[in-house]
Amino acid sequence: MFSDVDSEVIRAYGVLNTIVQPDDIPFYGIPFPGFFLLDEDGVIVDKLFNRHLGNREGIETILDSFLGRVEPGQHEPLSSHETDDGITITAFLRGGGGVLRVGPRRRLVVRVEMPDGLHIYGEPVPTGMVATSVGIEGPDGVRFERFEAPPTTPFQLPGVDQPLQVWSGSVDFVTPLYANTALTSRVQEESDPTVELTVNVRYQACDDAQCFIPRTQTIVLEVPLKAGAVPAFERMAGWGGEQVEMDSEHHLKRLVDRKLGR
């Protein structure tokens, strides 16, 4: 799409980047960064778009969306703990081979696996009970986006008028996150920089007859940190990222030359 003359295809798909203004040469006319996912019949089954190229989705997010499941990669940071009530809580960073780069979006997945017969609660809950919450802490420069939780199912608790909302089986709580340029200095100054992400899961497990004492489980992940990647292109030499060879460089150069009238 970089070589889409007059952005005709970009406009037809409705993805013209409206943040970039007409006087912003040579970048006016580019699309919002993102992906359309098509099935074997060419039907769009999902789309993933962002406002800024620097915070784009990784290929793992696209594959997870298409396959309908999330599994940790071989080298992605992971920590797991089994509690006394038989519940296993696992936290892992998904995307980028387990490396948090300045710019691209990753996902922190908190997986709660419950034995048959147990469930945990979503909001709202009656007074005296504890709804499930997931809190994540990290250093300045790590930005956490809106928390994503799967749908709950209704559960009728004896003595309560309205059905409560619960999760059972295996459930993933997902938080998109990225490192911004405030961490660039650490990448430049430290030989093997890492960031520490602390996950606090608060929940109360119950079965059909009783509820257990509310618990808080803390899991710490140590995540490698690197600079963002930018094309090895002269105009981008000062963007502060790690310059890498990309297949799109030739097309990007053609775009810049055309917009500048060369």
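Four helices and 17 strands make up the secondary structure of this protein, seen here in a predicted model. Of its 262 residues, 42% are buried.

**Whole protein**
- The exposed surface comes to about 14800 Å², and carbon and sulfur atoms supply 50% of that area.
- Taking contacts between residues at least 6 apart in sequence, 57% join residues at least 24 apart.

**The five-stranded open sheet**
- Five strands form an open sheet in the order E3-E4-E6-E12-E9, and their pairing is antiparallel.
- Strand E3 (78-82) and strand E9 (142-144) are the edges of this sheet, each pairing on one side only.
- From one strand to the next, the twist averages 20°.
- Phe144 has Leu177 in E12 as its bridge partner.

**Around His119**
- Strand E7 (residues 119-121) is where you will find His119.
- His119 counts as buried because its relative accessible area is 4%, and the cut-off for buried is under 20%.
- The side chain of His119 makes a polar contact of 3.0 Å with the side chain of Tyr121.
- Leaving aside residues up to four places away in sequence, His119 touches Met114, Phe155, Val166, Trp167 and Ser168, along with Gln204, Ala205, Cys206 and Asp207.

Terms used:
Residues are numbered from 1 along each chain as its sequence is written. This is a predicted model: local features need pLDDT of at least 70, side-chain atom pairs count only at pLDDT 80 or more; totals for chains, interfaces and linings use all residues. Side-chain values use heavy atoms; hydrogens and water are left out. Helices (H or I, at least four residues) and strands (E, at least two) are DSSP runs, numbered from the N terminus. Buried means under 20% relative accessible area, exposed over 50%, partly exposed in between (1.4 Å probe, protein chains only). A polar contact is a pair of N or O atoms within 3.5 Å; within protein, one must be able to donate a hydrogen and the other to accept it, and residues adjacent in sequence count only if both atoms are side-chain atoms. Contact means heavy atoms within 4.5 Å. Accessible areas come from the Shrake-Rupley method with a 1.4 Å probe; for residues, only the protein chains shown count as cover. Two strands pair if DSSP finds at least two bridges between them. Axes are lines fitted to C-alpha atoms, for helices over the stretch in contact, and angles run from 0 to 180 degrees between N-to-C directions.
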